[in-house]
Amino acid sequence: MKRLLRKELLRLIVFTVLGALLGSFWNQSALGAAAVLALLLGQHLWQLQRLARWLQQPNDVPPEANTLWGEVFDGIYHYQRRQKADQQQLSQLLERIQDSSQALRDGVVMIDHNGDLEWWNHAAEKMLGLSAASDRGQPITYLLRHPQFVDYYESQQYLEPLVLPSHITEEHLLEYQITLFGKNERLLLVRDCTKMQRLERMRQDFVANVSHELRTPLTVLSGYLETFSDHAEQLPSHWQRGLTLMSEQSARMEHLVSELLTLSRLETSEFKVEAAPINVAELLAAIRLDALALSEHHQIILDTDEQLYVRGCVNEVRSAFSNLVFNAVQYTPPGSTIELHWYHNQDGAYLEVKDNGPGIDSQHLKFLTQRFYRVDDSRSSQTGGTGLGLAIVKHVMLRHQGRLHISSSARGSCFTCYFPLAQTLQRNAA
Ligand code: ADP
């Protein structure tokens, strides 16, 4: 290109000098040079016009030229061809993505930054009753009007999916999961989870029924065992030990059944946020006293914001907090210190239950809230643990739109219950 530019410049100089020489025969060298320059300018204008005409029909082959203009025409021509090839490749890729999304059994809906429907696949058409002709460009919340969906859509908190009955066939349950992408655009995935939910429901009902059925015989057994224990001194000594073991195990089973029932209730019942606010500082003070009754050899420090209340179900919150505090007592050696901090920041309120016990190995942390998960079976059977406590805490927190976070090191563990700001209130507002 540089070489051609140099050649073009040389051409310009040579022709201008020649023009001036020619003009000098008539004593008009300036006029001669100007005439040559005008001719060259005219030639460039003509090439420019050819370029403009060709650009209007870019599919034609480029005009021929052997000056710098030839290079320009060829350069633009190759650039256009490359662009066309890239475009073709992109549209083929787009077609393939659309074809594969169309083949998905899950519904896929693309929503633009205004919240309007942009594109969807066949499955979404069937599941949501969308019609390509009339619904494109309509706001998604106009077509899916369920208040819970609208709240979910507007919250921009899409970590967890939302499950709702289908508005087309009531007996079907649909799971909605939104993902944000691009400039505030959204991808909505819709899955029919009727079968999974039915199985989950069957599992929950089974556990609830079995636990319920076990409760009556267990109460009878413990009742009789208690009566026998009252008269244990009349029994031979080898019977006494058996009786003690039977009483311990039946108490353990009662505890297990009661926790299973609590968990089933938390999983199956609809949660309605109670209007009554909870005085958490007072609740924690009561829990602290109960925990000290379990062990006099622990120090429990209370640091609470007495003005900070939380909205929710007091029984559930009590059960969650006591589980954490009692665990801290049970899983730390005598002499340990437990700290209870209740405070808030701009995001919400937090209860921290911190201990300086032996801690929990990091490999266990993500499983702790699973039902029946125990770090060390032998230690838990000594403490009478069921492995259900933290599962209960997690469910209670979820029902209060909150979260349970667990961290631990060799210097102790910290269990944090987080409540979102909307769930909290100040004492004077309560
Ligand atoms: P469990 O009924 O066995 O106490 P949880 O679900 O409450 O069941 O706790 C699960 C496991 O987490 C316990 O078995 C125990 O090993 C561990 N754990 C809970 N809290 C603590 C703590 N503060 N320090 C150490 N380990 C703990």
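Visitor: In what order do the five strands of the open sheet run?

Guide: This is a predicted model, in which local features need pLDDT of at least 70 and side-chain atom pairs count only at pLDDT 80 or more, while totals for chains, interfaces and linings use all residues. Residues are numbered from 1 along each chain as its sequence is written, and side-chain values use heavy atoms, with hydrogens and water left out. Strands (E, at least two residues) and helices (H or I, at least four) are DSSP runs numbered from the N terminus, and two strands pair if DSSP finds at least two bridges between them. The pairing in this open sheet is mixed, and the order is 7-9-10-12-11.

Visitor: Which are the edge strands?

Guide: An edge strand here pairs on one side only. From one strand to the next, the twist averages 15°; axes are lines fitted to C-alpha atoms, for helices over the stretch in contact, and angles run from 0 to 180 degrees between N-to-C directions. The edge strands are strand 7 (299-304) and strand 11 (403-409).

Visitor: What is the bridge partner of I300 in strand 9?

Guide: Strand 7 and strand 9 (residues 337-345) run parallel and are joined by six bridges. In strand 9, the partner of I300 is I338.

Visitor: At about what angle to strand 11 does helix 14 run?

Guide: Helix 10 (residues 280-294) lies across strand 7, strand 9 and strand 10 (348-355), running at about 180° to strand 7. Helix 14 (residues 389-399) lies across strand 11 and strand 12, and its angle to strand 11 is about 140°.

Visitor: Is F415 buried or exposed?

Guide: F415 is found in strand 12 (residues 412-420). Leaving aside neighbours within four places in sequence, F415 is in contact (heavy atoms within 4.5 Å) with residues including L324, L351, V353, I360 and L390. Buried means under 20% relative accessible area, exposed over 50%, and partly exposed in between, with a 1.4 Å probe and protein chains only. F415 has a relative accessible area of 8% and is therefore buried.

Visitor: How are helix 10 and helix 11 oriented to each other?

Guide: The axes of helix 10 and helix 11 (residues 314-330) come within 10 Å and cross at roughly 40°. Among the residues making the contact are L283, L284 and I287 of helix 10 and V317, F321 and V325 of helix 11. Angles under 35 degrees count as roughly parallel, over 145 as roughly antiparallel, 65 to 115 as roughly perpendicular and the rest as oblique. Helix 10 and helix 11 are therefore oblique.

Visitor: Which backbone oxygen does the side chain of S101 reach?

Guide: S101 lies in helix 3 (residues 68-103). With a relative accessible area of 13%, S101 is buried. Not counting residues up to four places away in sequence, S101 touches W119 and N121. At 2.8 Å, the side chain of S101 reaches the backbone oxygen of I97.

Visitor: Which residue takes a positive phi in the hairpin of strand 1 and strand 2?

Guide: Strand 1 (residues 107-111) and strand 2 (residues 117-120) run antiparallel, joined by three bridges. In strand 2, the bridge partner of I111 is L117. The hairpin has five residues between the strands, and the one with a positive phi, near 85°, is G115.

How values were computed:
Polar contact = N/O pair within 3.5 Å; in protein donor to acceptor, adjacent residues only side chain to side chain.
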